[in-house]
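Dear colleague,

Please find the structure below. My notes on it follow.

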Amino acid sequence: MSAEASVGGHAADSAQPAGSLPACHGADEHRNRGLLGSKYVKLNVGGSLHYTTVQTLSKEDSLLRSICNGGTDVTIDSEGWVVLDRSGRHFGLVLNFLRDGSVPLPEEHRELDEVLKEAQYYRVQGLIQHCLSAMQKQKDVFESVCRIPMITSAKEEQKMIATCRKPVVKLQNNRGNNKYSYTSNSDDNLLKNIELFDKLVLRFNGRVLFVKDVLGDEICCWSFYGEGRKIAEVCCTSIVYATEKKQTKVEFPEARIFEETLNILIYENGRGSGPGGLHLLDSRGPGSSLGQSEEEGAVGGDRRVRRIHVRRHIMHDERGHGQQTVYKD
């Protein structure tokens with residue numbers, strides 16, 4: 001009789017704690033058996049505390065719904081907090097999405113990627129698609145922006161040109177590299193060359209790589225590259241003699257520069273390697289003007305570089321109309 005009472009008393013003691021514990025409360029730590037019997041849930045996500053309802057957590061077929069219906073075991077501490085071993089930085093955003101069906105996302109790409117990782121962990125498909133759509137929009141915006149790399153050495157520049165799959169137009173623009181004074185129109189022509197460079201960038205952006213060199217040896221010189229090698233060069237600088245002194249003159253051969261830019265487009269997507277590529281480059285267009293000289297220098301095999309010098313070493317001055325022009329040998 002006493003043995004039966006002892007056994008019965010022991011069974012009653014062991015059954016009592018299990019029956020007295022609610023879904024979200026317990027002593028020390030134990031596993032949940034489903035939270036559907038409770039209306040409210042206390043969540044401790046990496047030390048960040050959140051108080052919400054089972055209805056909110058069950059809105060999507062996610063890990064949180066599985067926790068509520070007992071499909072996934074979680075740890076509940078002695079104070080009734082469901083402990084999730086995740087960072088709580090973006091968990092409030094996950095909860096707000098479940099509550100409202102949409103939520104403002106961070107604009108910074110790194111934070112957006114963190115939210116996506118949390119949404120994937122909790123298997124909240126709606127938030128996953130929301131993050132992916134926002135990332136695609138950011139990618140579209142970034143692709144439409146013109147990126148300008150900063151080159152700090154001639155070696156870097158040569159490597160970039162040699163490995164570029166697009167035709168390359170380079171403008172050397174170093175006004176300070178001059179030991180003589182400039183003629184009266186040189187500054188205006190120098191600015192016109194720079195403005196033409198900017199216009200060509202806008203017109204052929206995406207098809208041609210444009211490089212501006214402000215530390216080179218030339219005051220104003222255009223270079224045109226295809227398949228990593230120089231195809232043509234237009235030098236806009238010359239030395240002129242005005243009375244008893246030398247001056248540096250900058251020209252603006254707009255038509256010739258535009259012509260050479262169009263010429264290197266045949267190297268787009270490797271088309272310049274074809275049998276008609278060199279023939280097209282050897283032909284002079286209607287933009288060739290008087291006062292220009294062309295030189296060819298071998299760069300390997302039969303490939304040559306056309307160097308166009310605008311009025312190089314012409315002897316005259318640029319005094320106003322009615323004044324005497326002096327020529328010197």
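Which residues of the largest nonpolar core touch the most other members? They are Leu64, Leu84, Leu105, Tyr122 and Leu127, in a core of 31 residues. A nonpolar core here is a set of buried Ala, Val, Leu, Ile, Met, Phe, Trp, Tyr and Cys residues joined through side-chain atoms within 4.5 Å; buried means under 20% relative accessible area (1.4 Å probe, protein chains only).

This is a predicted model, in which local features need pLDDT of at least 70, side-chain atom pairs count only at pLDDT 80 or more, and totals for chains, interfaces and linings use all residues. Residues are numbered from 1 along each chain as its sequence is written, and side-chain values use heavy atoms, without hydrogens and water.

Helices (H or I, at least four residues) and strands (E, at least two) are DSSP runs, numbered from the N terminus. Helix 4 gives the most to this core, with 6 residues. A second, separate core has 23 residues, including Leu171, Ala232, Cys236 and Leu265.

Helix 8 (residues 186-204) and helix 9 (residues 254-263) pack at about 30°, with axes 11 Å apart. Axes are lines fitted to C-alpha atoms, for helices over the stretch in contact, and angles run from 0 to 180 degrees between N-to-C directions. The two helices are therefore roughly parallel (angles under 35 degrees). Asn193, Leu196, Leu200, Arg203 and Phe204 in helix 8 meet Glu254, Ile257, Phe258, Thr261 and Leu262 in helix 9 (contact means heavy atoms within 4.5 Å).

Regards

Notes
Parallel < 35°, antiparallel > 145°, perpendicular 65-115°, else oblique. Buried < 20%, exposed > 50% of the residue type's maximum accessible area, 1.4 Å probe, protein only.
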